[in-house]
Structure formats: structure tokens, C-alpha cells
Amino acid sequence: MMNKIAILVDSGTDVPQEIVERAPIFMVPLRIIFKEKEYLDRVELTSDNLFPLLKEELPKTSLPDGEAIQKVLDEIKAQGFTQVLVITISSGLSGTFNAMRMLTEHYEGLDFYLVDTKNIGIAAGMSVILAANQVTAGADFHTVIEVVENHLAKTKVFFNVDTLEYLQRGGRIGLVSSLLGSALKLKPIISCNEEGIYYTVAKVRGLNKSFEKTIQLVKEFIGEHQRFDLAVAHADAQDSAEKMKQKLREHFPNAQKIYFGTISPALSVHTGPGSLGVGIQLLD
């Protein structure tokens with residue numbers, strides 16, 4: 001019997017919709033918890049309808065519940081898949097990886113391999129895109145795993161956040177130094193370190209400088225590499241995101257792809273409105 005490979009992700013991986021539609025990708029939603037109501041990330045709440053709610057209250061976010069994960073595993077099995085590659089956002093920022101690990105350890109009838117991307121948002125999503133391309137091209141399970149694992153350290157995200165207020169209030173500040181510079185209009189650029197924890201890469205004044213610095217950071221990460229993909233994801237920052245995509249096109253004409261999408265509501269709770277992420281994945 002032919003093995004069939006499914007890819008299981010959490011909603012914080014920000015996989016562009018075009019990829020979800022053409023590959024066997026299953027998603028479990030993170031949870032966004034307000035005092036009066038709980039929402040399933042990307043299912044019951046989009047970034048567009050999240051931000052008006054944030055004006056009233058800053059919700060908590062939580063990993064998917066066990067029942068939701070179990071349900072998706074049952075669905076994967078029912079559809080005749082035999083092998084599952086699980087790809088999650090950083091275990092340093094979320095308990096999702098460990099929850100998946102515990103549930104898959106005792107699940108019968110499917111072979112699992114789990115990838116902790118040590119990344120978040122579109123950078124975690126780029127590992128999913130890579131896996132999806134391998135699976136749809138007919139690669140076997142071992143090859144898909146090897147390719148994804150080999151590219152984890154070659155994948156990076158740079159987040160421009162409008163303010164650190166949301167990261168601080170949500171307690172997800174990691175190694176990001178608390179800035180007293182909001183009066184100076186300092187815009188922090190944040191990434192994930194090797195442990196998958198947020199840290200400040202740069203602090204710049206104003207949006208234009210923030211864009212310039214991001215382009216410079218992308219350039220440094222690419223170095224001499226010739227083959228790479230780029231991605232832009234935003235939270236309530238469509239115009240800025242379009243401008244950034246255009247700038248990336250101009251500066252990196254040999255990018256194989258520039259993916260475009262939104263930051264999931266669950267991540268947007270922590271980064272706040274006006275956030276912009278640029279992902280890079282080196283392919284050679």
C-alpha cells in the first residue's frame with residue numbers, strides 16, 4: 001500500500017491560503033480567550049475583526065485543546081493518510097509542540113514526525129510550504145523530513161512592530177528589552193533566536209527607517225545565496241505590506257517566490273495592529 005503523507009500545523013504558522021488549498025495541510029487553531037468569550041484562531045476570528053475587540057480588552061491566547069487536536073488526527077486517519085508531519089511554531093513561545101507530542105505519542109494507526117520550527121508566523125509557515133512542495137512532488141516521508149529539518153536554520157523572520165505594548169502586556173516579551181523609547185517613535189525589529197525566543201534585532205526611528213533596516217537585515221541573512229524565497233505577512237497593515245513586497249521585489253529580483261498573507265489573530269494579539277513580518281528561506 002502507498003503511504004500517504006499529511007501535514008499538520010497550528011494556526012500560528014501563518015501558511016498562505018494558496019498553499020493550504022493545494023496541499024494536504026490540516027490545521028489546529030490556537031485559542032483567543034476574552035473574559036466573556038473564546039474564539040478559535042483563523043476559524044472564528046480574523047485579524048480584521050480582532051482589532052476592534054482589542055480596543056476593549058486584551059485577551060489571552062492559548063494552545064489548541066486536546067480534543068481539537070484529537071479530532072483533526074481522526075480526520076487525517078479517516079481520509080486514508082498513513083504518515084503525518086507535524087510542524088508547529090516555536091516551543092519557546094507556545095505549548096503547542098508539546099501538546100502535539102503528547103497526543104501523537106499514544107495515537108494508533110498513524111506514523112508521526114514532529115518539527116519544532118523554533119520560529120513563528122510566516123517563518124514557521126515557510127517550513128510548511130517547503131514540506132507541502134515536497135509532498136505534492138511525490139517525495140517519500142524520510143525525504144520530506146530531511147529537507148524540512150535541513151532548512152530550519154536557513155529560515156528567518158524579521159517583525160516590525162508598531163509598539164512593544166502588546167508583547168509586554170501579553171507577557172511574551174522574551175529577550176526583547178523593554179523600550180522607554182515610545183516617545184522617541186522607536187520601532188523595534190524583532191526575530192527569534194536559535195532557542196526560538198523573541199529578541200530585539202534593531203531599534204529604528206520611524207516606519208521608513210524600519211523598512212530600510214529590514215531590507216538590510218534580509219540582505220545580510222541572504223549573503224551570497226542565490227536561491228531563496230521571501231514572504232510578507234501583516235496584521236492590519238495592508239498598505240505597508242504591499243510597499244514592503246514591492247521593495248523586496250526591487251532589492252531581490254532573483255527571489256524565487258514572494259509569498260503574501262496575514263498574521264494570525266492569535267499572534268496579532270501579541271504583536272498588535274500595524275505589525276509586519278518578513279520571512280526568508282535560503283534554498284541552496
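**View 1. Strand β11 (residues 228-235) and β13 are joined by 8 bridges and run antiparallel.** The model shown in this and the following views is predicted. Within this pairing, A231 lies opposite G279 of β13.

**View 2. Strand β8 (residues 155-160) also pairs with β13, in the antiparallel sense.** The pairing of β8 with β13 extends over 6 bridges. Here N160 is the residue standing opposite L276 in β13.

**View 3. Strand β13 (residues 275-282) is largely enclosed by the rest of the structure, because 8 of its 8 residues are buried.** In a regular strand, side chains alternate between the two faces of the sheet. Both faces of β13 are covered.

**View 4. Helix α3 (residues 66-78) and helix α4 (residues 96-105) cross at roughly 55 degrees, their axes coming within 10 Å.** This angle makes α3 oblique to α4. The crossing of the two helices, α3 and α4, is right-handed.

**View 5. Residues of α3 and α4 that form the contact between the helices.** From α3, the residues G66, I69, Q70 and L73 take part, and they meet A99, M100, L103 and T104 of α4. Classified by residue type, the contact of α3 with α4 comprises 5 nonpolar and 3 polar residues, with no charged residues.

Note on methods: Residues numbered from 1 in each chain as written. Predicted model: local features only at pLDDT ≥ 70, side-chain atom pairs only at ≥ 80, totals over all residues. Heavy atoms only, no water. Axes fitted to C-alpha atoms, helices over the stretch in contact; angles between N-to-C directions. Helix = DSSP H or I, 4+ residues; strand = E, 2+ residues; numbered from the N terminus. Parallel < 35°, antiparallel > 145°, perpendicular 65-115°, else oblique. Left-handed = near helix turned anticlockwise from the far one by under 90°. Contact = heavy atoms within 4.5 Å. Nonpolar A, V, L, I, M, F, W, Y, C, P; charged D, E, K, R; others polar. Buried < 20%, exposed > 50% of the residue type's maximum accessible area, 1.4 Å probe, protein only. Pairing = 2+ DSSP bridges.
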